[in-house]
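Colleague: Could you take me through one part of this model in some detail? I would like to look closely at the place where the two chains meet.

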Amino acid sequence: MYAPGVNSSTTLSSSSSYNNDRPPSAEAVEVATDPASGGFFNSDYKKHDDLKQMLDSNKDNLKLEAMKRIIGMVAKGREASDLFPAVVKNVVSKNIEVKKLVYVYLVRYAEEQQDLALLSISTFQRALKDPNQLIRASALRVLSSIRVTMIVPIVMLAIKDAAADMSPYVRKTAAHAIPKLYSLDQDQKEELIQVLEKLLYDKTTLVVGSAVMAFEEVCPERIDLIHKNFRKLCSLLVDVDEWGQVVIINMLTRYARSQFTDPNLQDVDEDEESKRPFYEDENEVEEEQQEKRAPTLDPDHRLLLRSAKPLLQSRNAAVVLSVAQLYHHTAPRSEVHQVAKAMIRLLRSHREVQDIVLTSIAATATRRKVMFEPFLKSFFVRSSDATHIKLLKLEILTSLATESSVGIILRELQTYVAAHDPPFVAAAIQAIGRCASNIKEVTDTCLNGLVSLLSNKDQAVVAESVVVIKKLLQTQPSAHREIIIQMAKLVDSVTVPQARASILWLLGEYSERVPKIAPDVLRKMAKTFTSEEDIVKLQVMTLAVKLCLTNPKQTKLLCQYVLQLAKYDQNYDLRDRARFLRHIIFPADAESGGPTRLSKQAKKIFLAPKPAPVPESHFKDREQFQLGSLSHYINTKANGYQELPPFPLEAPDPKARDVETEPQVMEQAPLFTAKKVSSKKDSTFYSDTESPEDESEEDENSSDEDDDDDEEEEASSSDKDDDDNEDEESSGLEEKLPIKVVKSTAKPKSDEEEEEDESDEEDSSSESVSDSDSEDESSEPSSVPKKQVRNAKPAKESTPVAKPKSNLDLLLDLDDVSPAFTPIMTPSLGGFLTPMSTPSSQVKTQLFPDIQPASAVISPNTTSELLNKINSNGLEIKYRFTRSPHLYSPSMASAELTFHNHGPDELTDIRVGEKPTSGGVSIHDFAPIPSLSPGSSLMGTIGVDFADSTQPVNFEIKIGSDRTYPVALKVPVGEVIRAVAMSEELFLKQQGGLRGMNENTAKLSLTKPCTDLKSLTNKILTVANLGVIPNSDSSTLRFAAQTLSSKSTVLVSLLSSDNQNLTITVNCEKMVIGSMLITQLKACLAD
Amino acid sequence: MIHSLFIINPSGDVFMEKHWKSVISRSVCDYFFDHQRKASSPEDIPPVIATPHHYLISVYRSSMFFVAVCTTEVAPLFVVEFLHRVVDTFEDYFSECTESIIKEHYVVVYELLDEMLDNGFPLATESNILKELIKPPNILRTIANTVTGKSNVSSTLPSGQLSNIPWRRTGVKYTNNEAYFDMIEEVDAIIDKSGSTVCAEIQGYIDCCIKLSGMPDLSLSFVNPRLFDDVSFHPCVRFKRWESERVLSFIPPDGNFRLMSYHIGSQSIVAIPVYVRHSLCLRESGSGGRLDITLGPKQTLGRTIENVVLEIPMPKSVLNCGLVTNQGKYTFDPVSKLLVWEVGRIDVTKLPNIRGTISLQSGSPPVEANPSINVS
């Protein structure tokens, strides 16, 4: 099979390599314990021959055995290249494991045996055409891993094919192959970029991570390739695998830095901000800032930050840190602190993770103190921490110290000084010094503490304290005579050179304060000069010179003596210094002339006031590197490090990121035009994540309205000022959402507001302003690009249906709530008070895995009156169905109740009285309202299970102890169902099963012809809570829903033969619901 | 990305190496050994070491070093996290991860490493997928393989990687469908000598063992979800559902996995289950030092406290300890100067106590401060 020449050469190399293998004794020991080449083969001189024989045999298990041994050798890093020819022919083996091991071997040695490796190529080429995707993928993987230049064209071709493969897994492998080929042959770059461009367009989560990785390795400078994919990447980010997430976020950080303007540009100065206590929500300042900040954030920039945020919850520390660095480098200052909590959580991870995260925190803390201040205690050192972790924690603690927290930090530091870890103790003392010089209030306390440490038994502690005190005294040149004297005494006892040098320097610098002591110390030092360390000797000379200048009478001779000694020292630095000093101080020695110009100035030279050292964090200069990168950690530029560009002053054209979207079921509301409102709210919203009120705000509000609805609302009011918020808002609503009068009692919202205004004082309207305001607020965090995600992959939609309904009621049951209770209340707190319909850790399997509940696209704004103010002497109750499932039970529709007191008296204790008990209908009460003052209004939520009927539910409202009013809650048929998402096929299948009696059909001709069927979607969705089914056919519209109680399927399809005539079909198990729905739909479409 | 991986045992032998790109000589580990010599304990070796041409990123697990070699810029945490994932996978496969186990299963290990990384970039790290590609070894299969000549590489090709749910394998069938949830909570507290808590944190985990057929979609709700304000999830958990409803909704992987972990920070008040009453005096007066420590339960809500271990790193001058315990046993290692007292269970009626004398090196200076006490 092989040319004889090849054979002989391999045997030659075999024997030689074998001989090379022998000599080291360690190797021999290893061999003995090595299962790969058990004792038998080892002692056998021809062990490789034996393996070859096994490989040549026909039996798979012998081959496998041989391959295992060979892999064992490879794993140990021992030479096995001489077996190459024998192994390579087994690449055709049918046995998968043998094949796999051969692949492993091949990848390892192909580079060394290029010619022979070529023999295997045809096998891979064949495998690339295999019908099984995994075989195609693994063939490409191995083929591209064989680093043989000769096969570059073949690999190129294979990559091109694979990039267009049906299977996303193969495409992923293609993405992996691109950097491999690039490292093999840089000339292929252009061609590879073309392939890469195609892969970047891929919409599969499996592929994009790897594609971006390839992009980073091959052409990180081609940022233009990202434009069109930016939004897609953001929306897919959450679903990409964790390693891909890291790469994508890092890449997008760079992208954001090059494409968006600095969000903090117009912001207040950094220091100013850090000085202001964070949690003090001074409204004017806050607002002022928002005003400045608001217009700067590009909607795409916002999208990026928003899509990355949930990843802070990832289990993978690398993902969390990469989100953290994204926020650190690109987010508006007010939002950066959101990442702090997640970073703190990482500190509980492995030691290595801690180390890297702490390094990042240390670097961040120098700039953003406030961010980590609340977590100060998390940085307290544990005795079980490794030394380098301890040092990092100390570094952070000192960076975080402020006037308010320094007390507690110092207390900790004091404890650390008593630890048994010398480097740690030294660092703790230095940390005390840094605290002292940074925070003026505690300088004296610290100094006293440090001085008391001078009497410590531990030499190291004393020495370190001396050094630190020296620095401190320098910053505080005021009289600290006592300390200097005490330190001078230490010269006798301290042996650590650093400390001795520090003391001497201090004495020299402040010799006037201790005129008697300094010369005496110099005398002592002169005696011991020869036995001192170099650093001490230098300081002795300095001291001598300084004293000689201030007090020549006593010390001139001593000084001359010291210089003389130094002149003959072994160290050339010392000799040099001595010579230099002598010529300045005693010029007469050299020439007999008078004092030179230099010596006249000697006093100015040596006794010039010196600037005090500013103790700084040595993490300060790391700012230049991207946080969390290797370069950042080692604080030098690593190979292949991509600089983070500074923000451009003028943002490049954002249109570059616009992608032509396919016509979509919903008209695409401009999702992110709401920047003004959203970013404004943002800062207030997040600024206080710790306080429960804020959380409650989020929950409550987001449940009040549906996300998508909000988006539209926002969109309409986005460009307007907030001042005229109310008017704009309501008019915006009218434009945007055609409000249908469903019931005779229902009124459009704007009407209602007008009425209120008429009948009431200014108060109520201001109330509603704040309401609409808070709605906007809520919409911000949740208006993630949901639509985009949904359109991208409807099947995987995981949007939850069940929004927690505000649980005011439950909360109030237990709490004494003050009358000043506003709708902004109730968080998840409701959760634990809520009686669970199932045990607390319930595990339930879904009925239809394919039918996913979907959130309502539109929540209707039609409000109806539940209780008239005339009937009830002043109390008006209106209700509105929110289309979000009630928290108490998913089969309940939740209605938002608005209570308004029109009467002159305060109403107390408004609650639900008698409730219906029959017919499966049940009501979950709203929270009793303890009191409602005249003119004010409140919101509540009631959950009603209509048991799939549209009969009005009758119950009683009680006010105080004696007033009872019967009310009837009427429900439009569109609200007893809930939108679901399903695939088109499933829809058709289900529809097929609901023919005959269950089908209702109606024909209808439109008054004005409609050009696009999709425009009807909004109308229909306003009337009924239906989920839109993605649809391939443009002449049909399909919707699906389930009834709330019995979960029976409701299917609606709309077919238009031409632009005028429509056929509506409703399929529903519940015939009554079906027929009512069709009537309603007809009514709505007719006008 | 990751260029090569070396696994090093505590005595400094590189006993396994794997290269994903061209081969890097193992002499690169010499830089690592330099640092190892300098460090006083294995924990003190910095996780990232920069050498002139390479960057060594290492983790220390089960007294082995896993050293990854990189040549270009890479997020260090990325590599660290990956290496830990490798070790986790080994532990998952072989139930423990030691040098001898790795040597024993070198083929599986090598195959795993090959699947987990492609060209230095992680490919398949989900244990469910890996287990479909490479069957974990067990005795039964080993015997079966020897008899039938089959291998532990699966002959059917996995489909999990190709689905939208990459963490779950398809076609799972159990006769008994069951799901187990373990809640593990760790309290870390620093308590000063007067007994007041300086800071206390809780780290909790929910570990699951799910054995359910098909594609189960589970949701788990909590009585008081507000406590979880800082959580991290397995990728299977739907973020959005959690954010809006505080319900964990997920399609679980098959088998064991960590569903979520949560952290309750130092801001909240944390009840510590035990207290320590201590009197420790290390003065050179006559018989040396005295030690008297009593443990007691505190705020346990009626539960018993078990597996209590107390550790005291003694100062260097301590020679030996002559102590008497009324419960459990103690050991003192004269080399590392670590006193370990394994208390076991705390009985409320008879509080565990340890007392006795400590002999100190004569002539050594009196110890300045008392050592800290670690309780776990």
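Modeller: Happy to! Chain A and chain B together bury about 10200 Å², and 58% of that lies on carbon and sulfur atoms. On the chain A side, the residues that lose the most area to chain B are A:Trp243, A:Arg315 and A:Arg348, which together make up 8% of what that side buries. Please keep in mind that this is a predicted model.

Counted by residues, the contact draws 112 from chain A and 110 from chain B.

Turning to polar contacts, the count between chain A and chain B is 28 residue pairs, both residues being at pLDDT 80 or more. As for secondary structure, helix α5 of chain A, residues 60–76, gives the most to the side of chain A that touches chain B, contributing eight residues. Sorted by class, that side of chain A holds 49 nonpolar, 32 polar and 31 charged residues.

Terms used
Residues numbered from 1 in each chain as written. Chains lettered and ligands numbered in written order. Predicted model: local features only at pLDDT ≥ 70, side-chain atom pairs only at ≥ 80, totals over all residues. Heavy atoms only, no water. Contact = heavy atoms within 4.5 Å. Buried area = accessible area lost by both parts, 1.4 Å probe. Polar contact = N/O pair within 3.5 Å; in protein donor to acceptor, adjacent residues only side chain to side chain. Helix = DSSP H or I, 4+ residues; strand = E, 2+ residues; numbered from the N terminus. Nonpolar A, V, L, I, M, F, W, Y, C, P; charged D, E, K, R; others polar.
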